[in-house]
Amino acid sequence: MSDVEGLPASVPAAGDRRRAPAPAHLRFFHGPMDCGKSTLALQVDHNQSRQGRSGLLLTQGDRSARPRITSRVGLAREAVEVDAGTDLLLLVRTRWADGTRVDYLIVDEAQFLTPGQVDQLAELVDASHVDVYAFGLTTDFRARLFPGTQRLLEVADDVQRIQVEVLCWCGAPGLLNARVVDGQMVREGATVVVADTAPTPAPDSVAPDASTTVPETHYQVLCRRHHVLGLLGPGAAGPGQLALP
């Protein structure tokens, strides 16, 4: 019998690894928006599955508003939607109890994990030899680490900044994510507001009637200098800034 109630002893935690344990790893890939995190997540899943391994894809707050991992280049896969109350250990153990192999986890939008959930991922790696590949944003719109990101930076075996270069509107490397509400960069508000990226409208464009529309929210990648200044473009005036000629 298994030492876990309800879990058949014949179901391996990670394929054949329980019979021949091999080191598993918790790997964290991070960067700003538009650097290709979801694309890389789906590529890793493709490469792993081609070798006959069985994976479980997790996400939360995907841009599609569905339980999927989607990429702006058009790739997409169905995934399991999780939230702050999801017990990741129980989620994987339930798969084992159903007779489903779980050799690896792909975790997109990992910045939204709680520190406790990151520790659960580490336990799956260390105790059950499940490889975990987590992908997430480095900082929020205030240029502060997400709690999930901070814990991953603390405990992951391997941390890599994704190398696809993202540019600010000025041409400098884009490092930070700005939240833009009705064309203006904001620095206060809820940490998590799901929205996609879109160009910031030109300052001379016709604004919608604020009394009849919901505030439009999107995110824009900026270099550190323009994030500090709140400048969204060469003709966009940030808080307390004059529009550039």
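Because the model is predicted, local features need pLDDT of at least 70 and side-chain atom pairs count only at pLDDT 80 or more, whereas totals for chains, interfaces and linings use all residues. Residues are numbered from 1 along each chain as its sequence is written, and side-chain values use heavy atoms, with hydrogens and water left out.

The secondary structure comprises five helices and 11 strands, where helices (H or I, at least four residues) and strands (E, at least two) are DSSP runs numbered from the N terminus. Of the 245 residues in the protein, 42% are buried, that is, under 20% relative accessible area with a 1.4 Å probe and protein chains only, with exposed meaning over 50% and partly exposed in between. Among contacts (heavy atoms within 4.5 Å) with a separation of 6 or more, 72% involve residues 24 or more positions apart.

Six strands form an open sheet in the order E5-E2-E6-E7-E1-E8, with parallel pairing, two strands being paired if DSSP finds at least two bridges between them. The edges are strand E5 (80-81) and strand E8 (158-161), each of which pairs on one side only. Strand E2 (residues 55-59) runs parallel to E5 and is joined to E5 by two bridges; Leu58 has Val80 in E5 as its bridge partner. Helix H3 packs on the sheet, where H3 touches E1, E6 and E7 and makes about 160 degrees with the direction of E6. Helix H1 (residues 37-50) lies across E1, E2, strand E6 (104-107) and strand E7 (131-137), and runs at about 165 degrees to E7. These angles run from 0 to 180 degrees between N-to-C directions, and axes are lines fitted to C-alpha atoms, for helices over the stretch in contact.

Helix H2 (residues 88-97) packs against helix H3 (residues 115-128) at an angle of about 40 degrees, with the axes 8 Å apart. The two helices H2 and H3 are therefore oblique to each other, since angles under 35 degrees count as roughly parallel, over 145 as roughly antiparallel, 65 to 115 as roughly perpendicular and the rest as oblique. Leu88 and Trp96 are among the H2 residues that meet H3, where the partners include Leu121 and Leu124.

His25 is found in the segment before strand E1 (26-31) and, at 29% relative accessibility, counts as partly exposed. Not counting residues up to four places away in sequence, His25 touches Val125, Val130, Asp131, Val132 and Asp157. The C-alpha atoms of His25 and Asp131 are separated by 5.2 Å, although these residues lie 106 residues apart along the chain.
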